[in-house]
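Trainee: Please take a close look at one part of this model, the packing within a single chain, and describe it in one connected account.

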There are 2 protein chains.
Amino acid sequence: MHILITGAAGMIGRKLTQNLLTTGHLGGAAISRLTLHDLIEPVAPPPASFRVMAVASDFSARENVAALLCDKPDTIFHLAAVVSGEAEDDFDKGYKVNFMGTWHLFEEVRAIQSHITTYRPRLVFASSTGVFGGPYPEQLEDDFIPAPLTSYGTQKAMAELLLSDYTHKGFFDGIGIRLPTICVRPGNPNKAASGFFSSIIREPLVGLEASLPVSEDVRHWHASPRSAVGFLTHAATIDGKAVGPRRTLNMPGVSCTVAEQIEALRLIAGAEVVRRIRRNPDEKIIRMVAGWPRSFNAKRATDLGFKAETNFQEIIRVHIEDELRGGSDIVV
Amino acid sequence: MHILITGAAGMIGRKLTQNLLTTGHLGGAAISRLTLHDLIEPVAPPPASFRVMAVASDFSARENVAALLCDKPDTIFHLAAVVSGEAEDDFDKGYKVNFMGTWHLFEEVRAIQSHITTYRPRLVFASSTGVFGGPYPEQLEDDFIPAPLTSYGTQKAMAELLLSDYTHKGFFDGIGIRLPTICVRPGNPNKAASGFFSSIIREPLVGLEASLPVSEDVRHWHASPRSAVGFLTHAATIDGKAVGPRRTLNMPGVSCTVAEQIEALRLIAGAEVVRRIRRNPDEKIIRMVAGWPRSFNAKRATDLGFKAETNFQEIIRVHIEDELRGGSDIVV
């Protein structure tokens, strides 16, 4: 099996790559080849029992997309995207990469399929809960209307519509997954407005202070990086017919308040660690977070076998196992 | 006020043109200029007190779209589209006209706006209940999910998303309206699968036989051509702020069964006329119609003042008034 990952240098792309290199198979099929694509060259992967190729190119140029497909990958993980903040700041770039880049990918698969009618890859598209815009009920059902309030969400929602239509027409077998906020995100703090959900856990665990810009009663929707990889590999291997005509699924996750996040941290790491969280209210972030969905009833995905953590302590434990050497790196 | 109509040679475009020529104003503002665009030259309009220009060009070519906007119309009615059947038969053409053509129109408005920041036209986009795909409840609420099962519906749903985003960003003031099936459609029978809803009324009224391909318990969603024009002119003149961030609205209409349509015809024109309807079940049409929504609770649009007929007899009476010289052309 030949696998292509676009956006392979991103956090989830790297975790997915690591998983595929470690297991060597996907859904029971041995991996024969892995193509890793990103704008910057994905980090040199460790030796594997199969061929791994890293490609650095601009995804918004159609010829680069075509080049990625010339060897007809059986499974495509499409993760490449301009992040939400950048899509708002640079209107044209967001549409060029997130929408047109995705459409070009779909069109190039279709172009191959028009010559080789047996070619019908599984295409897993990483979408986002950013397709939603308020007002929201307390919990969103699977058929909640995608009515985005941002350009990023609009680009993802449009790509989801194309994914369904191209799948209905038989050009490929597409499945879109709307990821929760990934928490605890490893690495340095970034500028994403949602970054604090991770940093209030990640920084205190290694002896650093973290800033909390919102009130503790803010509720949000989380899953671990490990769950995100599980969503992607599961989406790559499930029976496409079982998904039905609506090809994008809300992924399961943990809905909890910031207070519950902090309490979970206290139970796992103690009161000293929790004291490293500083309250620094930030009106801009408060306003943005108020526009995000807080909880989902991800029934379709759960019925199809997608699994996430069931409480926030589990999410912290995954972080400790995967990023803090099982706890050896915790600073109490 | 300068008004542009794309797709002006279509049935609704012609009715809208006639309305604007007759009234000479739109929402209280005198019309100073009217530009009528279509692929074929719109029929020569009757003399008017203002300048009327007819333009024939291919809407899918971006330079033609730009040319339509060079004089900065204040109000744009965007009706140009490849119809649903053709969008299914010719995948590329449907996307090229219905989606890319619409996007080019939006981009060209934005391009003007980037130089002339005060330019912010009202843009009325004719969308369709084709954005919906089953399964449906008996009645669709305003927030029912657009999950199209056709390429036509996908193209319209994507254009609706763009309309909202471009409006949020202030590039124009867009309002999308999802029209019911327009009934009684004047003119000759066409090949649209929905055509029989009109022909079983239109043909018998003038002494001709009509074919009914579905069972009489089929329920559907209708509004008259006169209502469609009312929706468009109302959408052009309402307060954009009152619409809120979700810029596309389900229009009101009449939900009734074929049996109720026939009974309304009998009450108005008598049993002889009704006897001209022949039962000719057509499995293909039966299957297609089974996939269409049957009724809407168009609360948002109704609250904003959009009005349709309230029963099917009214719809027939509008047809008689507007197309059959008030009844003189009825053949009993």
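Mentor: Domain bounds here come from an automatic or database domain assignment. On that basis chain A is divided into domain 1 (2-179 + 224-250) and domain 2 (195-221 + 253-294 + 310-327). This is a predicted model, in which local features need pLDDT of at least 70 and side-chain atom pairs count only at pLDDT 80 or more, whereas totals for chains, interfaces and linings use all residues. Residues are numbered from 1 along each chain as its sequence is written, with chains lettered from A and ligands numbered from 1 in the order in which they are written.

The centres of domain 1 and domain 2 of chain A, taken over C-alpha atoms, are separated by 28 Å, and nine residues of domain 1 of chain A are in contact (C-beta atoms, placed from the backbone, within 7 Å) with eight residues of domain 2 of chain A. On the domain 1 side, the touching residues divide into four nonpolar, three polar and two charged.

Turning to the helices, H1 (residues 11-23) and H7 (residues 225-237) of chain A have axes that come within 9 Å and cross at roughly 70°. H1(A) and H7(A) are therefore roughly perpendicular (65 to 115 degrees) to each other, and H1(A) passes H7(A) in a right-handed crossing. From H1(A) the contact is made by Met11(A), Ile12(A), Lys15(A), Leu16(A) and Asn19(A), and from H7(A) by Pro225(A), Ala228(A), Val229(A), Leu232(A) and Thr233(A). By class, the residues of this contact of H1(A) with H7(A) are seven nonpolar, two polar and one charged (Asp, Glu, Lys or Arg).

Key: Axes fitted to C-alpha atoms, helices over the stretch in contact; angles between N-to-C directions. Helix = DSSP H or I, 4+ residues; strand = E, 2+ residues; numbered from the N terminus. Parallel < 35°, antiparallel > 145°, perpendicular 65-115°, else oblique. Left-handed = near helix turned anticlockwise from the far one by under 90°. Contact = placed C-beta atoms within 7 Å.
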